[in-house]
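Here's a quick briefing for anyone opening this structure for the first time. Keep the sequence and the 3D view side by side as you read.

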Amino acid sequence: MFRMPQKLLIFILSILCLSIHLGWASSLKLTVSISKGPEGKNLYQPLGMFFDPYNQRFYVADTGNNRLLSFSLNGTPLKSFDAGGQLKGPYSLVRDSKGKIWVVERPFNSLTEIDLKAHRFERHQLSCAGHPVLVDRIAFWQDYLLVLDRASGMVLLYDKDLSCVKSLRPDIEDFKGFFDFKVKNDRLWGLENITGRILALDLKSGKILDIVRPKFLVSLPVSFELDEKGNFYLLDRYQKVVFVFDKSGTLKHRLFKRGYLPGELNYPWQLLLLSGKLLVLDEGNGRIDIWGH
Amino acid sequence: MIVAIFCLIIYSLWAGPVLGAKKDCFQCHSRRALLKGNAHPPVARGECLKCHLPHVSRYPKLLTQESPELCFTCHKKLSDRLQKAPFIHGPVAKGACRRCHEAHASSQKNLLKKGPKTLCFSCHKEANIKYARPHAPFAKGRCLSCHEAHYADNRLFLKKKDSSLCFSCHQNTEALARIHKVKNVKGLDCLSCHNPHGGPQKGLLRSFKHPPYAQGKCQTCHQNLKAGPDMCFKCHPKTRSDFYHQHNHLLGGYEDNACLICHAPHVASNKEFLRDKPRRLCQRCHAETAKQRAESLYIHPKWKECLACHLAHGSDSPSMLNGDGNSVCVRCHETQGKFTHPVGEKVRDPRNGQPITCVTCHNPMGTNFKYNLRLSGEASLCLECHKNY
């Protein structure tokens, strides 16, 4: 019977272990590149992306075209919606469990409530502790709407009556404000302005649970994601790459390159990680690239 | 025999530089001219062959190596420190040691080509200003009293950070604290209000005064400090809506009041109350733009005037351009706006379906191709879209 030399066996096993360890991110392939809505019109400067787990669709704020788009997870365009021409510069969006859509309209600095069933379109101006809020990215956690306030750099919790019930700011002296945030397992993960530092806060207590600092040079970090294995994905708008690093901040991969073709990045803005797929929203190329296996 | 070998070694050690330099070199090259003033130690010792080859060399002046490698063979400490330095003076980064230093001798200290003031102003022309009340080191041309010449840990190449540089000469007295209405002035950012080179009045205060400060109405702002940017928007209400754009500069939390990242609250050297000239101020966060500039052969002539093309508060265009990728350029490049490769809404880039604009093909921040083209205009740029040609 054939006997494999011991050294060769160790070598093959090492390579196998290494590839499993590093595998997912390095073997990503472009599966779909979405550049048009259902009626064939090109996206223009899209800036917001949201995945709805209830209907397994993802929604895009096609900012430059003043409309919202929905897609199936395989990238098929489904619907286009502009609220009868009322919607202006949608920037960020979420859909709640009742099917209401909440959109940030930056030109009005409004959180706009859209109830399709009730044919309701209402703009809300938010404030917290007496201060007007510059509404940025939004998300849902339990019954709360989480709003990133660009004026304070804090994430604010609003109840269903849109009353500000809490503000989340890490209790550290050198905190420089959040630029992006994600909610995962009752934790708020926030990307700090400029530095690329990622902080995890307990959504209930507001206590800091984790701080991850990249051990490499970042230029303009604008969005991030994290996977189940504890890897972080940091989108650098200036360098036009996604850095993949572990909890210690050690760089494992640099994904993608600058350019105009599908799979390349021009002015990337947002990342979304969904069941084994990495979605990259690129404002400059007017495109959402979906990477998977 | 041993004595003979010993003598031979001593002779060869002596004869190399001495015969090679003192006798051979100085037969043609004037010794007096080379040793005028403060001499470079190898020159003073007649060790010409430390830097030059006697017969042939692939480098000018028969040098053994090019600058800065040649200089770093002795100045190793400097070489090591430059590896770790966050900010390196332009000529040093380019290895142009001889832009500031003489190789053989100089009447100045540190073999400088000219006195520090003349030498520094030969590049930093914008700093050569005559002030009614100049700061003493500036008036005396002692640039190196405050600035490092080779590298530093700060963008202004200051020898020390914050107020500690100022307090190396100025005394931190109770009277000083009283004037500044604080317990200890050491925590203050002196340069925020004082121009370290000079000014029109005593105290070297910067010229433009924020009205509440000029009127002594400190509480107008100081009683509302916790309000952050809202405090500023109370008096500057129109500015609030400047940030209602897809991309904006309101980096809340970066400082207690995000406006103060760029603006000085009391006095400034410009009417916009910017803390520094845009080219330096912007680079505090956008350091990569300077890197791109340094690595590029072709740069837009207004590269240093960031606000000529970018909006400081907010814009709906990527890069916070002051208009879309066409209108921002056409304001100056009028001819190209009328006669050019087709651009605009109806002309689509086949690579991504987006409207073609000036910045589709040009990158004013710096490239290695003529006219700031993103690729060579000979062929490769055009072939990106026109595949059949």
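Predicted model: local features only at pLDDT ≥ 70, side-chain atom pairs only at ≥ 80, totals over all residues.

Residues are numbered from 1 along each chain as its sequence is written, while chains are lettered from A and ligands numbered from 1 in the order in which they are written.

- Most residues other than glycine have a negative phi, and most peptide bonds are trans.
- Y371(B) has a positive phi, near 60 degrees, and is not a glycine.
- You'll find Y371(B) in the loop between α19 (358-361) and α20 (380-383) of chain B; helices (H or I, at least four residues) and strands (E, at least two) are DSSP runs, numbered from the N terminus.
- Q142(A) is another non-glycine residue with a positive phi, near 50 degrees, and its loop runs between β12 (135-141) and β13 (144-149) of chain A.
- Q142(A) counts as exposed because it has 10 C-beta neighbours inside 10 Å.
- Over in chain B, the peptide bond from S67(B) to P68(B) is cis, with omega near 10 degrees.
- P68(B) belongs to the loop between α3 (41-44) and α4 (69-72) of chain B.

**Two open sheets in chain A**

- Strands of a sheet pair through backbone hydrogen bonds, either parallel or antiparallel; here, two strands pair if DSSP finds at least two bridges between them.
- One open sheet has four strands in the order β12-β13-β14-β15 (chain A), with antiparallel pairing.
- At its edges stand β12 and β15 (164-168) of chain A, each with a single partner strand, so one side of each has no neighbour in the sheet.
- The twist in this sheet averages 25 degrees from one strand to the next, with axes being lines fitted to C-alpha atoms (for helices over the stretch in contact) and angles running from 0 to 180 degrees between N-to-C directions.
- β14 (residues 154-158) of chain A pairs with β15(A) over four bridges, in the antiparallel sense, and L156(A) stands opposite S167(A) in β15(A).
- Five bridges link β2(A) to the antiparallel strand β3 (residues 57-62) of chain A, and M49(A) faces V60(A) in β3(A).

**Around β25 of chain A**

- β25(A) is largely enclosed by the rest of the structure, because five of its six residues are buried.
- On one pairing, β24 (residues 268-274) of chain A and β25(A) run antiparallel over six bridges, with L273(A) partnered by L278(A) in β25(A).
- β25(A) and β26(A) are also antiparallel, joined by five bridges, and L278(A) has W291(A) as its bridge partner in β26(A).
- The β24(A)-β25(A) hairpin has two residues between the strands, and S275(A) there takes a positive phi near 25 degrees.
- The β25(A)-β26(A) hairpin has four residues between the strands, and G286(A) there takes a positive phi near 55 degrees.
- N285(A) sits in the loop between β25 (277-282) and β26 (287-292) of chain A, and it counts as buried because it has 28 C-beta neighbours inside 10 Å.

**Where the chains meet**

- Setting aside neighbours within four places in sequence, N285(A) is in contact with Y260(A), N266(A), N352(B) and Q354(B); contact means that C-beta atoms, placed from the backbone, lie within 7 Å.
- In total, 34 residues of chain A are in contact with 22 residues of chain B.

**Cores**

- The largest nonpolar core has 81 residues, and L93(A), V103(A), V147(A) and V242(A) have the most contacts inside it; such a core is a set of buried Ala, Val, Leu, Ile, Met, Phe, Trp, Tyr and Cys residues joined through C-beta atoms within 7 Å.
- Apart from that one lies another core, of eight residues, including C309(B) and V359(B).

How values were computed: Contact = placed C-beta atoms within 7 Å. Buried ≥ 20, exposed ≤ 12 C-beta atoms within 10 Å, placed from the backbone.
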